[in-house]
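Student: I would like to learn how to read helix packing and chain symmetry in a model. Can you take me through one?
Tutor: Gladly; here is the structure.

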Protein chains: 2
Amino acid sequence: MSEPMYRLIARDLREQIESGAVGPGAQLPTELELRDRYRASRNTVRDAVKWLMTRGLVETRPGQGTFAVQRIQPFVTTLSPNPETGLSGVEGAGAFAEVRERGRTPSASGPRVEVQLADGAIAARLRIPEGAQVVTRHVEMYIDRVPWSLQTTAYPMTLVSPDALDLLTAQEIPGGVAAYLKLKLCIEEIGHRDRILVRLPNESEIRFFRLPDDGRVSVATVVRTGYRDGDHGPEPYRVTFTVFPADRNQFVINSGRVPKDLAAPARG
Amino acid sequence: MSEPMYRLIARDLREQIESGAVGPGAQLPTELELRDRYRASRNTVRDAVKWLMTRGLVETRPGQGTFAVQRIQPFVTTLSPNPETGLSGVEGAGAFAEVRERGRTPSASGPRVEVQLADGAIAARLRIPEGAQVVTRHVEMYIDRVPWSLQTTAYPMTLVSPDALDLLTAQEIPGGVAAYLKLKLCIEEIGHRDRILVRLPNESEIRFFRLPDDGRVSVATVVRTGYRDGDHGPEPYRVTFTVFPADRNQFVINSGRVPKDLAAPARG
DNA sequence: GCAAATTTGTTCGTATGTATT
DNA sequence: CAATACATACGAACAAATTTG
């Protein structure tokens, strides 16, 4: 009896799901039926279902039953700049363009603007002291009205001169913030550094993306630090955090000469 | 009584962990102690601990107790080519160089070479029929003797001519496969496309990386397709799958002019 | 709109097995 | 070997969500 019973039950159910005997979205037998079928107690059956649930194979709906999960068609975001437009798919116009190119409809909430104190994550990227003032602009992005990403950009408060007060207005800046900063403050982005990291979602992310409440689905964060010309080499002037649910998003980075086609989702 | 008791207990324990009252690695009270403290049954306490475990906040060791998890210092891999060497940090010499640059010691298993039939994932990338023959080279990489990544590169079998039989030998090719292919077959990589995707680990990955058996820790896969010059534009000639545990790895992509310093881990 | 039936969720008690010290 | 601590398993009861009649 090396393997516990709930694992045996879980394995059996799993094979039925992966073999296709129980199709995606199909309902599994109820807990009481499974109890009879496997001659176990309801609690043991529930342990097996819980095991499958942690691994994202099934989901339970109170009052309804247990269901095999639906496979999600992932969305692909291109991080490297489009050679024609120079824009990448994570932010602003580039993101909208890529979504449209894939035949889907992007939308975004008007930015929510705040002046706040830099936390450790922001301070480290902008090379400013923790607690220094920053302007943050938050945007919620949707694809076909479905929550897609949460984006926060932070600028040092020192950037906000009388010439560039629009940074503080909670409105979309026509043409994008980058063009605005270039026009008003002669700040040009000479390069950026993307960091990709995976972590568990926090509560607000779980709410916004409607993720399962357990820690099953991670989020991928793209941290983009933008640099401008400075006295001692490139100097950070903004940092953008974009959070994506990891179960329905992939990222593509092109380097050198690659096919022009839109990158399709991959398995791996 | 809107919130169930096991959630209340879990929340209380969680606050103690996140506030630092229970430091990383510290042992929590035993289940029986918790049962007395919260005036609940042992099963309810176990439900609370299970909730914390799914979210990666604690780990249990049979016969020992329940412990707050250790924070892992993530390792940062640079995907974009190093401007000086032209090598990226995911594979071959570039990976070794980046690990050494960070003051740590890389090592790798000698490659395991197989001739196998292309599955869907490989076939789609190489634009060959599913089931066509491919040569695969598997490498296990370690940092300071700790499992770091699993790498598999597939080449179409049609590449293996009498001039380039070394592809089939289970030995490290001095100078790397890229240089070898250029010398022997005049195949030069003119560009590559990286895809990053996050998924749950399979059984062999759980074993190799010593991941928890539940689905808590995801793996990030970097799928790199290498292109050479072809009659109708860039043509794929190899695809490399590199699998990293997502809880201890981050990825960096530089674009344009950025600081020369080694990118440090980020939060976000 | 309401009541009944169904289904999963929570909580308790208890017993026994297995890993570690 | 004994004590400790977590793991598995069973049975029972009631609560909450949902669908159905």
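**Reading helix packing and symmetry**

Tutor: In chain A, the axes of helix 1 (residues 5-18) and helix 3 (residues 42-54) come within 8 Å and cross at roughly 55°. That angle makes helix 1 of chain A oblique to helix 3 of chain A. Keep in mind that this is a predicted model.

Student: What describes two packed helices in general?

Tutor: Two things: the angle between their axes and the distance between the axes. Helix 1 of chain A passes helix 3 of chain A in a right-handed crossing.

Student: Which residues in helix 1 of chain A meet helix 3 of chain A?

Tutor: From helix 1 of chain A come A:Met5, A:Tyr6, A:Arg7, A:Ile9, A:Ala10, A:Leu13 and A:Arg14. They meet A:Thr44, A:Val45, A:Asp47, A:Ala48, A:Trp51 and A:Leu52 in helix 3 of chain A. By class, this contact of helix 1 with helix 3 in chain A has 9 nonpolar, 1 polar and 3 charged residues.

Student: At what angle do helix 1 of chain A and helix 2 of chain A pack?

Tutor: They pack at about 110°, with their axes 12 Å apart; helix 2 of chain A covers residues 31-38. So helix 1 of chain A is roughly perpendicular to helix 2 of chain A. Their crossing is right-handed. Helix 1 of chain A contributes A:Ile9, A:Asp12, A:Leu13 and A:Gln16, while helix 2 of chain A contributes A:Leu34, A:Arg37 and A:Tyr38. The classes in this contact of helix 1 with helix 2 in chain A are 4 nonpolar, 1 polar and 2 charged residues.

Student: Now chain B. How do the axes of helix 2 and helix 3 of chain B cross?

Tutor: The axes of helix 2 (residues 31-38) and helix 3 (residues 42-54) of chain B come within 9 Å and cross at roughly 105°. The two helices of chain B are therefore roughly perpendicular to each other. B:Glu31, B:Leu32, B:Leu34 and B:Arg35 in helix 2 of chain B meet B:Arg42, B:Val45, B:Arg46 and B:Val49 in helix 3 of chain B. This contact of helix 2 with helix 3 in chain B has 4 nonpolar, no polar and 4 charged residues.

Student: And the domains? What does the domain assignment of chain A give?

Tutor: Domain 1 (5-68) and domain 2 (75-252). In chain A, 40 Å separate the centres of domain 1 and domain 2, taken over C-alpha atoms.

Student: What relates two copies of a chain?

Tutor: A rotation about an axis and a shift along it. The same surface serves both copies, as 96% of the contact residues of chain B recur in chain A.

Note on methods. Residues numbered from 1 in each chain as written. Chains lettered and ligands numbered in written order. Predicted model: local features only at pLDDT ≥ 70, side-chain atom pairs only at ≥ 80, totals over all residues. Heavy atoms only, no water. Axes fitted to C-alpha atoms, helices over the stretch in contact; angles between N-to-C directions. Helix = DSSP H or I, 4+ residues; strand = E, 2+ residues; numbered from the N terminus. Parallel < 35°, antiparallel > 145°, perpendicular 65-115°, else oblique. Left-handed = near helix turned anticlockwise from the far one by under 90°. Contact = heavy atoms within 4.5 Å. Nonpolar A, V, L, I, M, F, W, Y, C, P; charged D, E, K, R; others polar. Domains from an automatic or database assignment.
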